[in-house]
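Colleague: Can you show me the model and walk me through a few residues?
Modeller: Here it is.

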Amino acid sequence: MRLLCDLVYISLTYLYLFSFLFHVTLEIKNKQKFNSTHFWGPIANWGLPIAAITDMKKSPEIISGRMTFALSCYSLLFMRFAYKVQPRNWLLFACHLTNETAQLIQGSRLIKYNMEKKKAS
């Protein structure tokens with residue numbers, strides 16, 4: 001499980017860096033978009049998946065099932081929004097895809113922890 005978490009952490013980090021650099025190079029070509037919410041909104045939003053990824057190394061006792069479910073639903077909705085809006089906001093899509101993956105992993109960790117806790121008692 002630890003190896004899987006490390007692999008996910010590394011791959012999500014590279015996904016973030018690639019999408020960020022790709023988007024920055026596109027935005028530099030068109031400075032008008034660089035100053036828009038299509039760029040700065042997703043940049044500010046990256047705090048959610050970064051927090052979820054760093055929490056993967058902590059104990060599953062601190063995971064809130066309700067919050068994990070809410071963030072998972074939130075990311076699903078905004079992935080759809082990022083795809084449907086014109087022009088498509090791929091940076092926002094990548095951000096919410098990363099958050100969705102991280103939240104699903106956190107949810108599976110919580111379920112596994114609760115099942116092990118029930119078995120022990």
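Modeller: Start with Ser75, which counts as buried because its relative accessibility is 0%. Keep in mind that this is a predicted model.
Colleague: Which helix is Ser75 found in?
Modeller: Ser75 is in helix H5, which covers residues 65-84.
Colleague: And what does Ser75 touch, not counting residues up to four places away in sequence?
Modeller: Ser75 touches His96, Asn99 and Glu100. Glu100 belongs to helix H6, residues 90-120.
Colleague: What is Glu100 in contact with, leaving aside neighbours within four places in sequence?
Modeller: Ser72, Ser75 and Leu76. Glu100 is buried but has no salt bridge.
Colleague: New topic. How many aromatic pairs are there in the whole structure?
Modeller: The search finds four. One of them is Tyr74 with Phe78, a tilted pair at 4.9 Å centre to centre, with 50 degrees between the planes.
Colleague: Why are Tyr74 and Phe78 separated by about one helical turn?
Modeller: Because they are four residues apart in helix H5. Tyr74 is partly exposed, at 27% relative accessible area, and Phe78 is partly exposed too, at 33%.
Colleague: What about Trp90 and Phe93?
Modeller: Trp90 and Phe93 form an edge-to-face pair, 5.7 Å centre to centre and 75 degrees between the planes. Both lie in helix H6, three residues apart.
Colleague: Which residues do ring pairs link into a cluster?
Modeller: Tyr74, Phe78 and Phe81.
Colleague: Last one: where does the charged end of Arg88 sit?
Modeller: Over the ring of Tyr83, 4.0 Å from the ring centre.

Methods
Residues numbered from 1 in each chain as written. Predicted model: local features only at pLDDT ≥ 70, side-chain atom pairs only at ≥ 80, totals over all residues. Heavy atoms only, no water. Helix = DSSP H or I, 4+ residues; strand = E, 2+ residues; numbered from the N terminus. Buried < 20%, exposed > 50% of the residue type's maximum accessible area, 1.4 Å probe, protein only. Lys, Arg positive; Asp, Glu negative; His and termini not counted. Salt bridge = Lys/Arg side-chain N within 4 Å of Asp/Glu carboxyl O. Contact = heavy atoms within 4.5 Å. Phe/Tyr/Trp six-rings, centres within 6.5 Å; stacked < 30°, edge-to-face > 60°. Lys NZ or Arg CZ within 6 Å of the ring centre and 35° of its normal.
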